[in-house]
Amino acid sequence: MAGTIFLEVERFGAGSFENLLFLGDGTLNTFVNLVYDNAVSRYKGQVRNGGVTSGVVTAGAAYTGKIKIAIAYAANDLVLYINGVLQNTDTSVTVPSTALSVLGVGSYYDTAYGADIFRGAYSQALLFKTRLTNAQLAELTTT
(Lines give C-alpha, C1' and ligand atoms only; values in the text may rest on other atoms or scores of the structure.)
Protein backbone atom coordinates (compact mmCIF):
# COMPACT_ATOMS: atom_id res chain seq x y z
CA MET A 1 0.00 0.00 0.00
CA ALA A 2 1.21 3.48 -0.84
CA GLY A 3 -0.19 6.98 -0.68
CA THR A 4 0.28 10.68 -0.10
CA ILE A 5 -1.47 13.08 2.25
CA PHE A 6 -1.26 16.81 1.55
CA LEU A 7 -2.57 19.65 3.73
CA GLU A 8 -2.44 23.40 3.64
CA VAL A 9 -3.04 24.55 7.21
CA GLU A 10 -2.48 27.29 9.71
CA ARG A 11 -2.11 26.31 13.34
CA PHE A 12 -3.64 28.59 16.00
CA GLY A 13 -3.88 26.41 19.06
CA ALA A 14 -1.93 25.37 22.05
CA GLY A 15 -2.74 21.70 22.34
CA SER A 16 -0.07 19.31 23.50
CA PHE A 17 -0.45 16.86 20.61
CA GLU A 18 -2.66 17.90 17.73
CA ASN A 19 -3.84 15.47 15.05
CA LEU A 20 -4.17 17.22 11.67
CA LEU A 21 -5.28 14.20 9.66
CA PHE A 22 -5.72 10.52 10.47
CA LEU A 23 -6.15 7.78 7.86
CA GLY A 24 -6.69 4.39 9.44
CA ASP A 25 -8.41 1.03 9.48
CA GLY A 26 -10.91 1.88 12.22
CA THR A 27 -8.57 1.12 15.11
CA LEU A 28 -5.69 2.95 16.72
CA ASN A 29 -3.43 0.06 15.72
CA THR A 30 -3.06 0.75 11.99
CA PHE A 31 -2.90 4.24 10.52
CA VAL A 32 -0.98 7.01 8.79
CA ASN A 33 -1.29 10.51 10.23
CA LEU A 34 0.04 14.04 10.36
CA VAL A 35 0.35 15.66 13.79
CA TYR A 36 1.76 18.67 15.55
CA ASP A 37 3.78 17.72 18.65
CA ASN A 38 3.92 20.74 20.94
CA ALA A 39 6.51 19.06 23.18
CA VAL A 40 9.10 19.51 20.41
CA SER A 41 7.32 22.30 18.44
CA ARG A 42 7.41 20.21 15.27
CA TYR A 43 5.08 18.70 12.71
CA LYS A 44 5.39 14.92 12.34
CA GLY A 45 4.22 12.16 10.07
CA GLN A 46 3.62 8.74 11.58
CA VAL A 47 2.83 5.22 10.39
CA ARG A 48 1.48 2.61 12.76
CA ASN A 49 1.05 -0.98 11.58
CA GLY A 50 -0.49 -3.74 13.66
CA GLY A 51 -0.06 -1.84 16.92
CA VAL A 52 3.59 -0.95 16.30
CA THR A 53 4.85 2.48 15.24
CA SER A 54 6.86 1.55 12.17
CA GLY A 55 7.85 4.99 10.95
CA VAL A 56 8.11 8.58 12.12
CA VAL A 57 9.35 11.61 10.17
CA THR A 58 9.76 14.90 12.02
CA ALA A 59 10.18 18.41 10.64
CA GLY A 60 13.70 19.73 10.90
CA ALA A 61 12.55 23.16 12.08
CA ALA A 62 9.63 24.81 13.83
CA TYR A 63 7.10 26.26 11.38
CA THR A 64 4.53 28.95 12.14
CA GLY A 65 1.82 30.54 10.04
CA LYS A 66 0.25 28.92 7.02
CA ILE A 67 2.15 25.90 5.70
CA LYS A 68 1.87 23.29 2.99
CA ILE A 69 2.74 19.86 4.35
CA ALA A 70 2.79 16.40 2.79
CA ILE A 71 3.63 12.91 3.93
CA ALA A 72 4.17 10.21 1.32
CA TYR A 73 4.50 6.52 2.13
CA ALA A 74 5.31 3.21 0.50
CA ALA A 75 7.21 0.11 1.62
CA ASN A 76 10.51 1.25 3.19
CA ASP A 77 9.83 4.80 2.01
CA LEU A 78 8.36 7.52 4.24
CA VAL A 79 8.99 11.21 3.57
CA LEU A 80 7.83 14.54 4.98
CA TYR A 81 7.83 17.81 3.01
CA ILE A 82 6.94 21.27 4.31
CA ASN A 83 6.85 24.38 2.14
CA GLY A 84 8.77 22.72 -0.69
CA VAL A 85 11.57 21.38 1.53
CA LEU A 86 12.28 17.73 2.33
CA GLN A 87 12.21 17.52 6.12
CA ASN A 88 12.95 13.90 6.90
CA THR A 89 12.92 10.36 5.52
CA ASP A 90 12.52 6.86 6.94
CA THR A 91 13.69 3.96 4.78
CA SER A 92 12.69 1.19 7.18
CA VAL A 93 8.94 1.88 7.49
CA THR A 94 6.47 -0.99 7.23
CA VAL A 95 3.26 0.34 5.72
CA PRO A 96 -0.14 -1.18 6.49
CA SER A 97 -1.37 -3.88 4.13
CA THR A 98 -4.99 -3.44 5.23
CA ALA A 99 -7.32 -0.85 3.73
CA LEU A 100 -7.16 2.56 5.36
CA SER A 101 -10.80 3.57 5.04
CA VAL A 102 -11.40 5.73 8.13
CA LEU A 103 -10.59 9.40 7.76
CA GLY A 104 -10.30 11.74 10.71
CA VAL A 105 -9.76 15.43 10.02
CA GLY A 106 -8.67 17.46 13.03
CA SER A 107 -8.75 14.53 15.46
CA TYR A 108 -8.51 10.78 15.70
CA TYR A 109 -11.59 8.94 14.48
CA ASP A 110 -12.53 8.14 18.09
CA THR A 111 -14.15 10.91 20.13
CA ALA A 112 -12.26 9.63 23.17
CA TYR A 113 -9.22 11.43 21.74
CA GLY A 114 -10.67 14.93 22.00
CA ALA A 115 -7.46 16.23 23.60
CA ASP A 116 -5.70 15.63 20.27
CA ILE A 117 -7.88 18.06 18.32
CA PHE A 118 -6.08 20.26 15.78
CA ARG A 119 -6.48 23.91 16.64
CA GLY A 120 -6.21 25.71 13.34
CA ALA A 121 -7.65 26.22 9.88
CA TYR A 122 -7.51 24.09 6.73
CA SER A 123 -7.23 25.64 3.27
CA GLN A 124 -6.71 22.39 1.33
CA ALA A 125 -6.62 18.66 1.90
CA LEU A 126 -5.71 16.09 -0.74
CA LEU A 127 -5.34 12.32 -0.55
CA PHE A 128 -3.55 10.36 -3.25
CA LYS A 129 -3.64 6.58 -3.62
CA THR A 130 -0.06 6.65 -4.88
CA ARG A 131 3.23 7.77 -3.42
CA LEU A 132 4.04 10.99 -5.28
CA THR A 133 7.63 11.50 -6.35
CA ASN A 134 9.87 13.76 -4.32
CA ALA A 135 9.84 16.28 -7.18
CA GLN A 136 6.02 16.27 -7.14
CA LEU A 137 5.99 16.67 -3.36
CA ALA A 138 8.39 19.61 -3.52
CA GLU A 139 6.23 21.28 -6.17
CA LEU A 140 2.96 20.55 -4.37
CA THR A 141 4.18 21.99 -1.06
CA THR A 142 6.00 25.04 -2.41
CA THR A 143 4.38 28.23 -1.12
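Modeller: Happy to! Let me begin with the surface as a whole: the protein chain has an accessible surface of about 6,300 Å², and carbon and sulfur atoms account for 51% of that area. Please keep in mind that this is a predicted model.

Now to the patch itself. On the surface, L103, V105, Y122 and L127 form a nonpolar patch, and together they have about 350 Å² of accessible area. Two elements each give two or more residues to the patch, namely strand 9 (102-105) and strand 10 (120-128). Y122 sits in strand 10. With a relative accessibility of 31%, Y122 counts as partly exposed, because that class lies between the buried limit of under 20% and the exposed limit of over 50%.

Here is the setting around those strands. The protein chain holds 10 strands and 1 helix. Read from the N terminus, the order of elements is β-β-β-β-β-β-β-β-β-β-α. Among contacts with a separation of 6 or more, 59% are between residues 24 or more positions apart.

As for overall dimensions, the C-alpha atoms fill a box of roughly 40 × 35 × 25 Å along the principal axes. The radius of gyration of the protein chain is 14 Å, which agrees with the value near 15 Å that a compact globule of 143 residues would have. Of those 143 residues, 44% count as buried.

Key. Residues numbered from 1 in each chain as written. Predicted model: local features only at pLDDT ≥ 70, side-chain atom pairs only at ≥ 80, totals over all residues. Heavy atoms only, no water. Patch = residues over 30% accessible without salt bridge, like charges linked within 9 Å, V, L, I, M, F, W, Y side chains within 5 Å. Areas by Shrake-Rupley, 256 points an atom, 1.4 Å probe, with all protein chains shown as cover. Salt bridge = Lys/Arg side-chain N within 4 Å of Asp/Glu carboxyl O. Helix = DSSP H or I, 4+ residues; strand = E, 2+ residues; numbered from the N terminus. Buried < 20%, exposed > 50% of the residue type's maximum accessible area, 1.4 Å probe, protein only. Rg over C-alpha atoms; globule rule 2.2 N^0.38 Å. Contact = heavy atoms within 4.5 Å.
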